[in-house]
Amino acid sequence: MEESSSRVSPTLHQPTAGIIKRLRLENFMCHSKHETDFGNHVNFITGQNGSGKSAILTALCVAFGCRAKGTQRASTLKDFIKTGASNAVIQVEIQNEGEDAFKPDIYGDVIIVERRLSESTSSTTLKDHQGRKVVSRKADLLEIVEHFNIDVENPCVIMSQDKSREFLHSGNNKDKFKFFYKATLLQQVNDLLESISKEIIAAHDIVEELETAIRPIEKELHELQGKIRTMEHVEQISIQVQQLKKKLAWSWVYDVDKQLEEQNIKIEKLKNRIPTCQAKIDQQLHRIEKLMESCSKKRAEIKSMLATTSEVKQMKENLNQSVSMAKKEAFVLERDCKSKTGNIQKMIQQLKKLEQQVHDIREQHIKNTQAEESDKEEKLKGLKDEVHAAELELNRLKDEDASIMDCIHRQNEEIQKIADKIRDHEKNRHYITCRIRDLQKHQSNKITVFGGEKVIDLLRIIERHHQKFKMPPIGPIGAHLKLLHGNKWAVALEYAIGKLLNSFIVTDHTDFRLLKQCAKEANYGHLQIIIYDFSTPRLMMPQHMLPDTEHPSVLSVLQCENHTVINVLVDLGNVERQVLVNDYETGKVVAFERRIRNLKEVYASNGCRMFSRGSVQTVLPPNKKQRTGRLCGSFEDEIEKLHAEADDELKAADDCKRIKRAAEVKLEELDKKVNSIKRQCVNAGKSFTSKKVALEEEMHLHTAENSATSLSTVDELIEEISEIQKNIDKEQVLLEGLQQKGCEAAGKADDLKVKFDKLCESANDEIAALEKSESDLVEIEKEMDSAKKAKEHYEGVMKNKVLLDIKEAEEHYLELTKRREESVEKASIICSQNELDSLGGCHGNTPEQISAQVERLNQTLKRESQRYSESIDDLRMLYKKKERKIMKRQQVYKTLRQKLDACQRALELRQRKFKRNATYLKHQLSWKFNGHLRKKGISGLIKVNYEEKTLMIEVQMPQDASNRAVRDTRGLSGGERSFSTLCFALALHEMTEAPFRAMDEFDVFMDAVSRKISLDTLVDFAEAHGSQWIFITPHDTSMVRAGNRIKKMQMAAPRS
């Protein structure tokens, strides 16, 4: 060893792994052979210029893998070989003791790094403490360097001459920033992140190009799929046509059954009329019998009365003859009075003439009235016929109007039903479209399926406040879950886990309140937060606590890397006791029949839930409104299925709209027809009213004319008769004397007359009773004739109406029965009735409606079949061929895209952490810099601007009365500037970790006082810091205090 003098102080502390124990050089730069032993703490190397001090640091850099340009001493490694030599050797012994030792069982307590340089190549060899070769790969050297955190390119680890001059004497803020950026490894991390970002962008471009290359094939595949879907639709239409033909065949049978039922009801109604009609016939027979009995009694009574009245009539005739004879005697006396009564006779004749005139006038009036009455009767009959015809026309129009209004009502109801169907289809399509939009949004970021955009905002806020949490919250739980066996159990798991999928987990109540505040800031209401101890290990359920069944449990089909999520699902969700089955029938057997221990619930693959509590068995069907599929690996199939459903709803809505338009056209025609009928009805009503009014006026007029008589002339004649009668009365007074005589003659006649009147009075009662009886007999005979006619009428109705209608109805029933048998025979040839029942039957549809559907579907089938000439099997084979060709590539590209997205998210996470660390290092540097300055009573501040890439040092000297901070170190004295710069360097050293550090010619431009202060400060810091330090200086180090942790070495003078 070319060491002129050295003083080694005894070691006070245990050796630290990674420090340099010994350096050997051979033919390296100015050294032919050189060996240096280093102390474990502070080492000073002094010597004249050219003695090879700096070569020691250069050798350390080259030994630990630094490139030639990185040393700033040469451009290639061969330039380090001493002139005249062919190779060079650098051997570094690294202490490998303590807790941080690197593979001590292989290398021992010392690791030897040997670097050999030649003109053409270089090699690195790692040896153990006995000098035996272990490995010779550069990767192993890098592993050791990373293990001990030896970064020789970091100026805080090895500060060469050039870096010392640049650092200590540069007043440029950007140069200071570069030094700080590199010393804190921020430059290295930033370069690494930028390179990764560029590689990710390049990879994205490559994947995009690959995906672009297969898009034409995807387009062809999509077109083929459309063709297949169309052909499948054609097949479905064909199947529907066949089914409708089967339904049509049996619909004729059901139509005949309906007619038979109606005919049977009609026959029953007609048969119910027989007792009514027979009752009326019997009623008339009973009436006739009673009348005949009354008639017989009345005739016997009349016969008895006739026998009695014949004697009275004989006596009446005899007395009448006696009265005549007495009157003849009185007549003789009257002739004597005729002379007296001459005038009376004349008056009487005049009176008779007048009476004759009155009589003639009345007869003439009667004749005239009868002729006019006949004309008026004919006129009234004509008016009545016109009124009746108008009434019939009006009733016909009203019936037709009512029929059309009924059709319009039914048409409106049909249009309303179609409109309701259209609204339902459009509502369903809107719901499906919203669902597709949600799935497409979730496809870009699957976390949104567990809370939407609010959960994204919440995660951002949690990331912003992450340092406030004791442990980062976990959630949403669904984002941490994966399915082991594809998407088979995705729906069942969503119903089983339920609202826990959206939940977050925190470790204590403090984090609970903090997460509540974050949720409130994100406007995420009703967030379910679960408090659970994150330190709890994963729960392992013993076999005897699990359901004893061959079916999988919810826990067995879940995959999750976070044991806390699994523990929460077990403790709160009982997922280990929830069993999954394929279908409902199997679920019933498992849930209710087997009585399995530890079984809580059973879920079918469609989400149906079954469980029993005691003797109560419960089955809950899946909620159709609940959105499922959130745990699926991909939403493509669900989106495609929803697109197909949306197209079906749209097509159904269009079909309904077309039917509605046809119905509206028909409704317009009915409206036009009913308007026309109403106008005709109004006109007919007006005509009927006018004719009825004319008839009533004519009838009133006829009645008034009949009641009026031409009494004007008759009244005058009667007045004249009255005058003549008065004169006659006067003349009769004169005749009274004569008549007195005649009275005596008439006395006898009067006596006879009295007898005759008495006889007549006694006979009148009997005659009146006889006449009354004869009149009653006539009435009874009339009633009898009426009863016979009524009986004949009802018998005619029974024979010609009731019984005939029943006969015709029964014949029609037999005809329908025969027709049904024929229809059943024909329909059975097409399909059996059981097969029709399996198709849902055809009730509710008439044969005409089914025929119209068959015709419409046949037209659609013919139109669709003409669009494509290929068969559906050929299209399916071609589709499968192309699908196999592209599916693997799509999966590979999708996997690449997912991995790139994961890399991008990881890169963004690291970039955010990088910014946080950079901010933290900036503040830490200023704190530590100010701390070192305060040891001398100075205060200071370091401002780092990452955007402008500048580092500014501000120093406040205690003797400065102005209390102003110096922002440019060139404004300080030499000692102040050196000390402040040294404090800056020490602050950087304190922020970095390395087993050893080296500084070359750090005091070359300092005066004696500044050097003394700087050296004392460095030694104090080095002793306090504890790592190995190597200081190289051309100056005298005698001013450095001696100590057992300080070693000073003097390099030999260079040979001249």
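The exercises below treat strand pairing, salt bridges, surface patches and backbone geometry in turn.

The model is predicted, so local features need pLDDT of at least 70 and side-chain atom pairs count only at pLDDT 80 or more, whereas totals for chains, interfaces and linings use all residues. Residues are numbered from 1 along each chain as its sequence is written, and side-chain values use heavy atoms, with hydrogens and water left out.

**Exercise 1. Strand β20**

Task: Determine which strands pair with β20, and state whether the faces of β20 are buried or exposed.

Solution. 

Step 1. Helices (H or I, at least four residues) and strands (E, at least two) are DSSP runs numbered from the N terminus. Two strands pair if DSSP finds at least two bridges between them.

Step 2. Strand β9 (residues 158–159) runs parallel to β20 and is joined to β20 by two bridges. In this pairing, I158 stands opposite A998 of β20.

Step 3. Strand β21 (residues 1028–1033) also pairs with β20 in the parallel sense, over five bridges. Here M999 stands opposite F1031 of β21.

Step 4. For the faces, buried means under 20% relative accessible area, exposed over 50%, and partly exposed in between (1.4 Å probe, protein chains only). Strand β20 (residues 996–1000) has five of its five residues buried. F996, A998 and D1000 lie on one side, R997 and M999 on the other, and both faces are covered.

**Exercise 2. Salt bridges**

Task: State how many salt bridges the model contains, and describe the pairs E93 with R24, K103 with E143, and R396 with E393.

Solution. 

Step 1. A salt bridge is a side-chain nitrogen of Lys or Arg within 4 Å of a carboxyl oxygen of Asp or Glu. The count under this rule is 30 salt bridges.

Step 2. In the bridge between E93 and R24, the closest N and O atoms are 2.7 Å apart. This pair links distant parts of the chain, with E93 in strand β5 (residues 87–95) and R24 in strand β2 (residues 20–28), 69 residues apart. With a relative accessible area of 9%, E93 is buried, whereas R24 is partly exposed at 25%.

Step 3. For K103 and E143, the closest N and O atoms are 3.8 Å apart. K103 lies in the loop between β5 and α3 (104–107) and E143 in helix α4 (residues 138–148), so the bridge ties together parts that are 40 residues apart in sequence. K103 is partly exposed at 34% relative accessibility, and E143 is partly exposed at 34%.

Step 4. The side chains of R396 and E393 meet at 2.6 Å, N to O. These two residues are three residues apart in helix α8 (residues 342–444) and are therefore separated by about one helical turn. R396 is partly exposed, with a relative accessible area of 41%, and E393 is partly exposed at 34%.

Step 5. Shared partners also join R22, R24, E35, D37 and E93 into one salt-bridge network.

**Exercise 3. Backbone geometry**

Task: State where the cis peptide bond between G475 and P476 lies, and what phi N27 and K949 have.

Solution. 

Step 1. The peptide bond from G475 to P476 is cis, with omega near -10 degrees. P476 is in the loop between α9 (453–464) and β10 (482–483).

Step 2. N27 is not a glycine, yet its phi is positive, near 55 degrees. N27 lies in strand β2 and is buried, at 18% relative accessibility.

Step 3. K949, likewise not a glycine, has a positive phi of about 55 degrees. K949 is placed in the loop between β18 (939–945) and β19 (950–956).
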